[in-house]
Amino acid sequence: MMVILLNCVTLGMYQPCENIDCSSERCQILQAFDAFIYIFFALEMVVKIVALGIFGQRCYLGDTWNRLDFFIVMAGVVEYSLDLQNINLTAIRTVRVLRPLKAINRVPSMRILVNLLLDTLPMLGNVLLLCFFVFFIFGIIGVQLWAGLLRNRCYPEENFTL
């Protein structure tokens with residue numbers, strides 16, 4: 001959990017627009033922490049794979065949350081391998097934002113809450129569809145009622161002074 005919290009802090013401190021080539025001391029330190037966090041998560045994945053096995057009924061990839069962890073680590077592998085070849089794909093770096101989701105595996109009650117939220121998403125889809133329908137109807141009513149009456153109505157007077 002401490003490594004996950006460290007990851008959240010370093011992600012919050014990262015400023016991508018400040019130093020693109022990462023030559024400042026702050027950026028170098030954050031990059032070192034990021035490498036440490038990635039190595040820690042990769043070693044954790046390897047230990048779990050050795051302990052549980054890769055394929056099977058009660059294996060590492062049999063659990064959905066472990067698949068998410070596997071995806072995050074593999075995205076890190078792709079990111080670091082592209083850095084070695086001087087190919088910069090910043091879209092892959094955005095996968096780092098998913099690292100705090102590893103905390104769901106650590107806290108069982110959080111896992112239950114997230115599963116419950118994911119189970120309610122189809123029901124929320126119906127609510128969103130109803131909201132879209134209501135906004136659409138009121139949009140049509142607004143266009144029909146005002147039909148361009150407010151066009152070019154916002155202009156200052158000729159003798160306008162502050």
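The conversation below moves from the overall fold to individual residues.

Visitor: How are the residues numbered, and what kind of model is this?
Guide: Residues are numbered from 1 along each chain as its sequence is written, and side-chain values use heavy atoms, with hydrogens and water left out. Local features need pLDDT of at least 70 and side-chain atom pairs count only at pLDDT 80 or more, while totals for chains, interfaces and linings use all residues, since this is a predicted model.

Visitor: Which secondary structure pattern does the protein follow along the sequence?
Guide: Helices (DSSP runs of H or I, at least four residues) and strands (runs of E, at least two) are numbered from the N terminus. The protein has 6 helices and 0 strands. Read along the sequence, the pattern is α-α-α-α-α-α.

Visitor: What share of the protein's residues counts as buried?
Guide: Buried means under 20% relative accessible area, exposed over 50%, and partly exposed in between, with a 1.4 Å probe and protein chains only. Of the 162 residues, the buried share is 23%.

Visitor: What share of the accessible surface belongs to carbon and sulfur atoms?
Guide: Accessible areas come from the Shrake-Rupley method with a 1.4 Å probe, and for residues only the protein chains shown count as cover. The surface of the protein comes to about 12400 Å², and the share of carbon and sulfur atoms is 71%.

Visitor: Which residues does UniProt list as "transmembrane region"?
Guide: UniProt positions are given in the numbering used here, feature names are shortened, and annotations may be inferred rather than shown by experiment. In the model, residues 35-56 are 82% helix and 0% strand, with end C-alpha atoms 31 Å apart. Residues 123-147 are 96% helix and 0% strand, with end C-alpha atoms 36 Å apart. The unreviewed UniProt entry lists for this feature residues 35-56 and 123-147.

Visitor: Is Asp-34 buried or exposed?
Guide: Asp-34 is found in helix H2 (residues 25-52). Leaving aside neighbours within four places in sequence, Asp-34 is in contact (heavy atoms within 4.5 Å) with Glu-79, Tyr-80, Arg-96 and Arg-99. Because its relative accessibility is 7%, Asp-34 counts as buried.

Visitor: Is Asp-69 buried or exposed?
Guide: Asp-69 has its place in helix H3. Neighbours within four places in sequence aside, Asp-69 is in contact with Lys-48, Tyr-60, Lys-102 and Asn-105. With a relative accessibility of 2%, Asp-69 counts as buried.

Visitor: Which residue meets Lys-48 in a salt bridge?
Guide: A salt bridge is a side-chain nitrogen of Lys or Arg within 4 Å of a carboxyl oxygen of Asp or Glu. At 4.0 Å, N to O, the partner of Lys-48 is Glu-44.

Visitor: How far apart in sequence are the parts that Asp-63 and Arg-111 tie together?
Guide: The side chains of Asp-63 and Arg-111 meet in a salt bridge of 3.2 Å, N to O. Asp-63 lies in the loop between H2 and helix H3 (64-84) and Arg-111 in helix H6 (residues 108-146), so the pair ties together parts whose distance in sequence is 48 residues.

Visitor: How many disulfides does a search of the whole structure find?
Guide: A disulfide is a pair of cysteine sulfur atoms within 2.5 Å. Cys-59 is buried at 7% relative accessibility, whereas Cys-131 is partly exposed at 34%. The number of disulfides found is 0.

Visitor: How far apart in space are Leu-52 and Gly-62?
Guide: Leu-52 lies in helix H2 and is partly exposed, with a relative accessible area of 43%. Not counting residues up to four places away in sequence, Leu-52 touches Arg-58, Cys-59 and Tyr-60. Leu-52 and Gly-62 are 10 residues apart in sequence, and their C-alpha to C-alpha distance is 9.7 Å.
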